[in-house]
Amino acid sequence: MANSTKARNRAGWYALACLLLVGSLLALSLVVAKLADGAGAPRLSFLMVAVTVAGGLLLVLAAGQRQSMRLDRRIVEYALVSGALFALPNALGFLAVRHVGAGFVSLSFAFPILVTWVMAVGLGMERMNALRLLGVLLGLGGGVLLASAKAGGMQGAQGWAALVLAIPLIIALGNVYRTLRWPGEAGPVYLAALMLLGARWRLPPSC
């Protein structure tokens, strides 16, 4: 019993550390995107290079871990669809950061988990939970208030603000798709690499 409790505690701290690390890197990527845009770098080309390098590194890592790296129609479908659902919100963020600022784009990336839960309940993948529902409603309500306050000060950029607000929905769709269509016999690092490489082919060459 004590060992299982310790294991759960370690898993909880590990999850929290991963959440903080991923959130920090995501925020940093948007700041770097704004700096690159200010330096005149083509925005989508910058994103395409980053995605390609990350996908290549994960592919090498998957090979080093001797993960299953089979390739069939199901895997190709997964790579292309999950890649498209990954590329679209990131491309929107990189294109919009010039018009609405990195802070507003970062705010939109904070809510996909809430939208994902609502979709999962609607599809019967999760059970309705009153406490979780209250948390989701409070989170979304706060997000709407913050987004409205920020959008009100964006003269001439309301269209970009509306596109940015679609980012949580697209990311949530990607989360649900990956859950439903996850190929069970392939390694997770390998699938992550294919998703990134699939996203690379969905991005235009320059912008």
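Here is a walk through a pocket, a helix pair and an aromatic pair in this predicted model.

Some ground rules come first. Residues count from 1 along each chain as its sequence is written, and side-chain values use heavy atoms, without hydrogens or water. As the model is predicted, local features need pLDDT of at least 70 and side-chain atom pairs pLDDT 80 or more, while totals for chains, interfaces and linings use all residues.

The lining (residues with an atom within 4 Å of a point) has 34 residues, with Val22, Leu26, Phe86, Asn90 and Phe109 nearest the centre. Helix α1 gives the most, eight residues. The lining divides into 28 nonpolar, five polar and one charged.

Helix α3 (residues 73–100) also packs with α7 (residues 158–165), at about 145° and with axes 9 Å apart. Helices here are DSSP runs (H or I) of at least four residues, and angles run from 0 to 180 degrees between N-to-C directions.

What holds α3 to α8 in terms of rings? Tyr78 lies in α3 and Tyr177 in α8, so the pair ties together parts 99 residues apart in sequence. The two rings (paired if centres lie within 6.5 Å, stacked if planes are under 30 degrees apart) are stacked, at 6.2 Å and 25°.

Methods:
Helices (H or I, at least four residues) and strands (E, at least two) are DSSP runs, numbered from the N terminus. On a 1 Å grid over the protein atoms alone, a cavity is a set of points where a 1.4 Å probe fits but cannot get out, and a pocket is an open set with protein on both sides within 12 Å along at least five of seven lines; lining residues have an atom within 4 Å of a point. Ala, Val, Leu, Ile, Met, Phe, Trp, Tyr, Cys and Pro count as nonpolar, Asp, Glu, Lys and Arg as charged, and the others, Gly among them, as polar. Rings of Phe, Tyr and Trp (its six-membered ring) pair if their centres lie within 6.5 Å; planes under 30 degrees apart count as stacked, over 60 as edge-to-face and the rest as tilted.
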